[in-house]
Amino acid sequence: MNYEPQLQKKVHIEEPEFDEIFLKNLIHSLDSHIQINSEMRMKYKSNPEKYVDSEVDLDMDIKELQNIAAYPELYPILYHSNGLENMIQLLQHPNSDIVAEVVDFFKDLVDLDDAKMIIILYDRLIKGYFFEQLVETIKTQEQLTYQIFEIIEKMLDIRSSLCDEIAKRTPILPILIQKIEDDSQEIDDVRLYATELLVIILQNSELSQKQLGNVGLVENLLVCLNSYRKKDPDTKDEKEIMCNICDALLLVLLHKEGQQSFNSFQGIQLMLKLITAKRQISQTAYLLLLQSINQNKENVEQLIDAGGLAIIFPILMRKGLKSQTQQQKIDETTVQILKQLFRYSENQYRKRVQEKCVQRMNEILFLRKEYLDLIPLIDPDEYDQLQEQELERVYLDLLTQGLLVVESLDIVLLECIKGGAKIEVDLGELIASLSQMIKYLEKDKEYYQELLKHFQS
């Protein structure tokens, strides 16, 4: 029979002053009681009653030490002794009550307002393998998962650079995804918290974005999303979980590793199914589809092979996926997908894309005019007086007001014309649009410059 003694509280008649002398004595007492408890546990493995008193003494020391959070000026004493190291090691104590007390201690300890002291504290914790021990505790003390997540979130919120550290030093990403995908449990706080923490780490760590794409965990997230093909989330919390999973995938898809994993686990096919399912997730799935093919020839061809053109062009015509409040975002996604299809397809793939565009040229020209009419006019005299930085700000602002759709369609039209299509459109206007876009591009300039050169020669 596995028996862990329940720790009994001792009554203190008089509270001593928590000062430097008291803290040093307490740290020494903690060290002694750890040794005594360890020896007693080894000596009386099968008789817990023999070591219960040493466990109570140890527990009382931990409770006393929790008060240090109110005295940050005494933190250096903790650093320069073995007190912090002992507390970290106690995260692996066999008694779950002891571990719970230690987790409470660290929860208070890391919540510090002193910026200078925080840097020192966190450095000491990292050097003491705190993250490793903390994440390991999730495996052995599952009931403390939420409280441990709180400690991790607080530390990452105060010092975002630690996102790289925890991803590099611990199996936090697989653990978070395990909590997310465990459909044996109800939609609870731990599951929601796991998705939030995953997004926080990915947002602040390029290392974790690539790591998640490399180790095959993309498949686990896709499995989670697959459940929303036939039903929408039942609760507000479940909807937030779904949105967080999508946000995590969008971050992973920023890298080739993530795009390759996404493709290999049939993520493109799943997104097409989610889009046509007309569920709450459909619009986000459309964004994921765009991100999955961004600057990726293999995924572009996979999208075409999977029948993506038969889904994308009806959306261009405002059929299938549409929204009264989010239509511009849908249109922006559509035209950017078309731009990627032209940019990264070759031979028969490119021919299929062009043929579809030519078939729907009236709709393309209509959509272009619709958004061209939305772009506010700027007084030429005022425009000429703007400095370069102001011009860029105006340009970026116009992108959100319809210019993104117009520019993307201009690229599509130029590609069609280059491919031999006869289109009644002002070619000079398209060339001017492309020239302006190149001016503010940060990536992939070479492709657009070559396209411009084709029409200027």
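This is a predicted model: local features need pLDDT of at least 70, side-chain atom pairs count only at pLDDT 80 or more; totals for chains, interfaces and linings use all residues.
I started with Gln 133, which touches Ile 88, Gln 89, Leu 91 and Gln 92, leaving out residues up to four places away in sequence; contact here means heavy atoms within 4.5 Å. Gln 133 sits in helix α7 (residues 130-140). Helices are DSSP runs of H or I, at least four residues, numbered from the N terminus. I looked up its burial too: Gln 133 has a relative accessible area of 16%, so it is buried (under 20%, with a 1.4 Å probe, protein chains only).

Residues are numbered from 1 along each chain as its sequence is written, and side-chain values use heavy atoms, with hydrogens and water left out.

Next I checked Glu 332, in helix α20 (residues 327-343). Glu 332 counts as buried because its relative accessibility is 14%. Neighbours within four places aside, Glu 332 is in contact with Leu 399, Leu 404 and Val 405. I also looked at Val 425: its C-alpha atom is 21 Å from that of Glu 332, and the two are 93 residues apart along the chain.

Helix α11 (residues 189-204) packs with helix α14 (residues 236-252) at about 25 degrees, axes 9 Å apart. So α11 is roughly parallel to α14 (angles under 35 degrees; axes are lines fitted to C-alpha atoms over the stretch in contact, and angles run from 0 to 180 degrees between N-to-C directions).

Methods:
Helices (H or I, at least four residues) and strands (E, at least two) are DSSP runs, numbered from the N terminus. Buried means under 20% relative accessible area, exposed over 50%, partly exposed in between (1.4 Å probe, protein chains only). Angles under 35 degrees count as roughly parallel, over 145 as roughly antiparallel, 65 to 115 as roughly perpendicular and the rest as oblique.
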